[in-house]
Amino acid sequence: MTTTKAISPELLKAVEELARQIAEATNKAYGSHFRQIVKVLPPEVSDLYAWLAALDDSAVEGLAKRLRAVEGSPRPHFTAAVKKARAIALQRRTLAEMPPTFAEALRWAMERKGVSISQLAKQAGVSEASVRSWRTGRFLPRSRTLVTKLEEALDLPEGALSGRLPRWGLPKIGVEGKDTPYPEFTRTFLRVAALARYGRPWEDLSSNDQEALLREDDDRWKRLSNRQKRVRKATQKPFSLSFKEWPLGARAEWERYESYASSASGSLKRVQAALAGAPLAPTSVRRQTLGRERGFIEQFYGYCHNVRGLAKSTLGLDLLTDLGLVHSYLEWRVNRYKDEDLPPITRSEYMFIALVKKLHRGYLRALGLGVDPDGVKELERKLKIAGIDVTDGYHAVEPLLETREPLRWVLDGIRFMLRDAAGRVGDLLAPQIPTAKSEAGEALALYRDVVLFWLMVAHPLRARHFYEAYLDTNEFRDGDFTPGRGHVGRAGGGYYLAYRKSEFKNARSQVFQSLQEHDLVTFPLDDPEHPFVTLEVEGRSYSLNGLFHVYLHQIHPHLVKRFGRTGPLLPLFPGADTKLRLARIVRRRAAYVAAVPNVPRGLLPFGPHSIRHVVATDIVKQTGSFETAANVLLDSVDMVVRHYARFAPRDRYSHGWRVYARARGGER
């Protein structure tokens, strides 16, 4: 006969947990009666749940008789309490035996019960086609209420099937016909916000709650910046002439300019050009800058051909030496908006004339054309005097930047992404990839994107550092390794991103003056002093380093195969390895931030660069130091003051008083 003193702590804990569950399901008396089982537990019992699941009714009656002998009187509810505990143990065993994915679990449960598709459809009140699609994993149920009916029809414990659905659901939300520039953002927002704010899938929301979320989403698209208004107006009557439409001579001329401007100092290409007597720019121009410059010329050529009627064969950079033509082009651009409540001049006009000035002083002069840098400078002066509308680059995230802790909302959005990803793959540190192709694709993409989004917050580098990041598989292995030609290394179990000085836009600034061109700048993912490399989600702590490890070893190989990439140098983020793809992904996942409860209204889909704005602004608002933000962004203080940190006069004023109050220690 066993006494309480002989019971191990693990068994006592299991008894107490079962007693609590029984009390919640029935009443406290049943839970109290069940606790007495410790007086009659056989000494060989090590796993309470397995032992209970194996009991038959006669064994339960035998336990009741033994307890009556020990206590000297019967316990009327003991037998019922033990049977309730047995049911819980059986449910637990059922859940443990069921396959991990919803489709597999549904097939398993139907075979176990011996239920056909037509029988289950009838009992659950759904169509046979729905059951077939759920069994194959092609689609998932959109309502938890519906899944509960399936569980009841299959004699499954509560949560047996719903627990295998993504906790954030995959409802079909009909927004394709909505007038929204970003339907994927809207779909994600409605799905996530339904669960984040109401605790229910979209399909289970009341019509009033659905309407509230739809209204919130509609309102956001009405908040337009002057730049957006101008773009919408401009796209109504496009005039640009794309590069592929240029005559061969104009294309060849532009390619010669790119060669002139882009050859890196000390490179073989530059040395060969110099020895051949070809003109060379004094400093190398980045590829992204050249792309933007070509866009300005495409618009200028479009005006010349589509508006002024010049033949394509006459197009060339020499047209920029005709300042009368340049002046008329600027006037035409301004007049496009004369009937609109829009600023006639923005940075785009100013940047165009700045390019013309640069060409007059450099490349066009080197070609021996009749340049007039002073005349261009006078045009530039006139634009400045007229007044340029400066539309800040953080319009999309402006509602966040006006709050006291802008970064808080983004971090909460990442937590929602982690919860969503966990709902699709189970344990994020031991993920189970769904078998259905569509589900697997979304699960892999979401896992990639949450790692990417988190990295961009923890290390707010420029977008190119992420879409141009590579993993050198010649170096990559389970243990420590160097980046090689790639951008990922590992030391002491901790991963780090690594970039050469030459890979930074402002590589020639004072920030990098002590480094050689190929010296590495590293960004650790496991820095114990970094505030954002660990996040708490539903009582569980996740580390960026741990998630990155799983991503590299289990998620990345699937993505590489999915996107058909081969070779020793693989994209670190397959499917997000171009500027356009990365921007599209970040804008879509920005919906998780928009879904945070009480988030400031009007948040728009934002791109990678906006994350730098949010981080910089948060640092300045918390510390009052532009220098601290500049250190994190690896940029100059002047650049942060002018371009990145949104720190309005009222913010500075209130922060000044807070710092002063802390310095006084609260004294009056």
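Modeller: Gladly, and let us begin with a term: a contact means heavy atoms within 4.5 Å. This is a predicted model, in which local features need pLDDT of at least 70, side-chain atom pairs count only at pLDDT 80 or more, and totals for chains, interfaces and linings use all residues. Residues are numbered from 1 along each chain as its sequence is written, and side-chain values use heavy atoms, with hydrogens and water left out.

Biologist: Thank you! Which residues is V457 in contact with, leaving aside its neighbours within four places in sequence?

Modeller: V457 sits in helix α22, residues 437-458; helices (H or I, at least four residues) and strands (E, at least two) are DSSP runs, numbered from the N terminus. Its relative accessible area is 2%, so V457 is buried, where buried means under 20%, exposed over 50% and partly exposed in between, with a 1.4 Å probe and protein chains only. Beyond its sequence neighbours, V457 is in contact with L407, V410, L411, I414, I611 and V615.

Biologist: How far apart in space are V457 and V614?

Modeller: In sequence, 157 residues separate V457 and V614. From C-alpha to C-alpha, their distance in space is 8.9 Å.

Biologist: Now the whole protein: what share of its contacts between residues at least 6 apart in sequence join residues at least 24 apart?

Modeller: The protein has 668 residues, 48% of which count as buried, and its secondary structure comes to 29 helices and 7 strands. Its C-alpha atoms fill a box of roughly 115 × 65 × 55 Å along the principal axes. For contacts between residues at least 6 apart, the share that joins residues at least 24 apart is 65%.

Biologist: Is D209 buried or exposed?

Modeller: D209 lies in helix α11, residues 207-220. Not counting residues up to four places away in sequence, D209 touches Y198 and R200. Its relative accessible area is 18%, so D209 counts as buried.

Biologist: What is the phi of E538?

Modeller: Most residues other than glycine have a negative phi. E538 is in the loop between β5 (534-537) and β6 (540-543), and at 53% relative accessibility E538 is exposed. Although E538 is not a glycine, its phi is positive, at about 50°.

Biologist: And what is the phi of L634?

Modeller: L634 lies in the loop between α27 (626-633) and α28 (637-644). With a relative accessible area of 18%, L634 is buried. L634 is not a glycine either, and its positive phi is about 55°.

Biologist: Which residues make the nonpolar surface patch of about 410 Å²?

Modeller: Patches are made of residues with over 30% relative accessible area and no salt bridge, joining like charges within 9 Å and nonpolar side chains (Val, Leu, Ile, Met, Phe, Trp, Tyr) within 5 Å. A salt bridge is a side-chain nitrogen of Lys or Arg within 4 Å of a carboxyl oxygen of Asp or Glu, and accessible areas come from the Shrake-Rupley method with a 1.4 Å probe, where for residues only the protein chains shown count as cover. Y653, in helix α29 (residues 649-664), is exposed with a relative accessible area of 59%. The patch is made by Y653, W657 and Y660.

Biologist: Lastly, which residues form a positive surface patch?

Modeller: Lys and Arg count as positive and Asp and Glu as negative, while His and the chain ends are not counted; the place of a charge is NZ of Lys, CZ of Arg, CG of Asp or CD of Glu. R365, found in helix α18 (residues 363-366), is partly exposed, with a relative accessible area of 46%. The positive patch is formed by R361, R365, K377 and K384.
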